[in-house]
Structures are given as C-alpha cells and as structure tokens.
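Hi,

Here is the model I said I would pass on.

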Amino acid sequence: MSVSTADLYDERGEELQSVATQFLLFGGRTAFSGPVRTVRCFEDNVVLKSVLSTQGDGAVLVVDGAGSLNRALMGDMIAELAVDNGWAGVIINGAVRDRAALAQLPLGVKALGSNPRKSVKDGAGEKDVPVRFDGVDFRPGATVYCDEDGILVER
C-alpha cells in the first residue's frame with residue numbers, strides 16, 4: 001500500500017468507513033490492503049485455518065471473533081499458511097498468539113491483543129458472510145486499507 005490511510009481518507013472521505021477501535025499491529029507488514037474475505041467465529045479457529053489454507057491472491061481476511069480475548073484465533077503456524085498462500089493480511093476482532101514470530105512474517109496482522117491460550121477446534125463458524133464490528137461493515141469483496149493509523153474499508 002503506497003498511500004497512507006490518513007491521506008486516503010482525506011481524498012475519499014465518507015466513501016470509507018473508519019474503525020475507531022485501536023487494533024494493535026502484530027505482523028511484519030505494517031501497511032497492507034486488499035479485497036475483504038471474512039470469517040465469523042467465536043474462540044474456534046477451524047474455519048479461519050481452512051480459509052487461510054486456500055489461495056489468498058492478496059486478500060485480507062477479516063475475522064469477527066466477537067472481541068474475545070479468552071483464546072487466540074491465530075498463531076505463527078496459521079499465519080505461515082497465510083503467507084504461503086498469498087494473503088496480504090489478517091484483521092482479527094479477537095486475540096492472536098506467538099507475537100514474536102508473527103512480527104517476523106511478511107504478513108499484515110491486526111488484532112485486539114494476545115493470549116497464549118489456543119482456540120477450541122469444534123469447527124463452528126461461517127465464511128464469506130458480511131461481518132460487523134465497531135459499527136463498521138465488512139463485506140466480502142470490498143477493499144480494506146490498514147496501516148499504523150488505523151483501518152479503513154469501502155462502504
């Protein structure tokens with residue numbers, strides 16, 4: 001991404017939604033953008049892993065984990081799958097783990113925090129559905145932009 005989110009917002013204004021929640025950066029890429037793919041899950045990362053195991057083609061996976069920090073939805077092994085499959089980044093409304101390893105990967109990762117406790121593996125969740133958190137809608141196919149200043153997504 002060559003344009004900062006602040007400059008992009010100045011240029012496009014209300015065409016873009018801005019996420020007010022202060023997501024933290026965990027990946028080795030601090031700026032990333034791409035078409036939205038989505039997963040909705042709660043403390044269970046089976047669907048998330050399944051999606052990141054497919055070709056990403058520069059997409060950004062937006063994961064609505066309902067803001068839970070009780071269990072990590074992604075760690076270094078799943079993030080490496082994302083890198084190997086060409087994903088630009090992952091935004092998790094929830095927790096990650098393996099922070100030091102994530103920081104070394106060429107992947108954009110934003111999440112609410114970290115927790116070493118791994119997720120459950122029941123397979124509950126949905127993919128490629130509209131998700132909403134912090135009053136912002138993420139529709140599959142819309143473009144999302146992320147950097148140190150925040151997250152913007154097309155309306």
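A quick definition before the pocket: a pocket here is an open set of grid points with protein on both sides within 12 Å along at least five of seven lines, and a residue counts as lining if it has an atom within 4 Å of a point. Bear in mind that this is a predicted model.

With that in hand, the largest pocket has 15 lining residues, and N45, G75, M77, I78 and K121 are the ones nearest its centre. The elements giving two or more residues to that lining are α2, β5 (72-74) and α3 (76-84). The space in the largest pocket comes to about 250 Å³. By type, its lining splits into six nonpolar, three polar and six charged residues.

Now the strand. How many of the five residues of β4 are buried? Five of the five in β4 (residues 60-64) are, so the strand is largely enclosed by the rest of the structure. In a regular strand, side chains alternate between the two faces of the sheet. In β4, V60, V62 and D64 are buried on one side, and L61 and V63 are buried on the other, so both faces are covered.

As for its partners, β4 pairs in parallel with β3 (residues 32-40) over five bridges, and R40 sits opposite D64 there. The chain gets from β3 to β4 by way of helix α2 (residues 46-52), in a right-handed β-α-β crossover. Five bridges also link β4 to β6 (residues 89-96), again running parallel, with V62 opposite I91.

Cheers

Key
Residues are numbered from 1 along each chain as its sequence is written. This is a predicted model: local features need pLDDT of at least 70, side-chain atom pairs count only at pLDDT 80 or more; totals for chains, interfaces and linings use all residues. Side-chain values use heavy atoms; hydrogens and water are left out. Buried means under 20% relative accessible area, exposed over 50%, partly exposed in between (1.4 Å probe, protein chains only). Helices (H or I, at least four residues) and strands (E, at least two) are DSSP runs, numbered from the N terminus. Two strands pair if DSSP finds at least two bridges between them. A crossover is right-handed if, with the strands pointing away from the viewer, the path from the first strand over the helix to the second runs clockwise. On a 1 Å grid over the protein atoms alone, a cavity is a set of points where a 1.4 Å probe fits but cannot get out, and a pocket is an open set with protein on both sides within 12 Å along at least five of seven lines; lining residues have an atom within 4 Å of a point. Grid points are joined across faces, edges and corners, and a volume is the space filled by probe spheres set on the points. Ala, Val, Leu, Ile, Met, Phe, Trp, Tyr, Cys and Pro count as nonpolar, Asp, Glu, Lys and Arg as charged, and the others, Gly among them, as polar.
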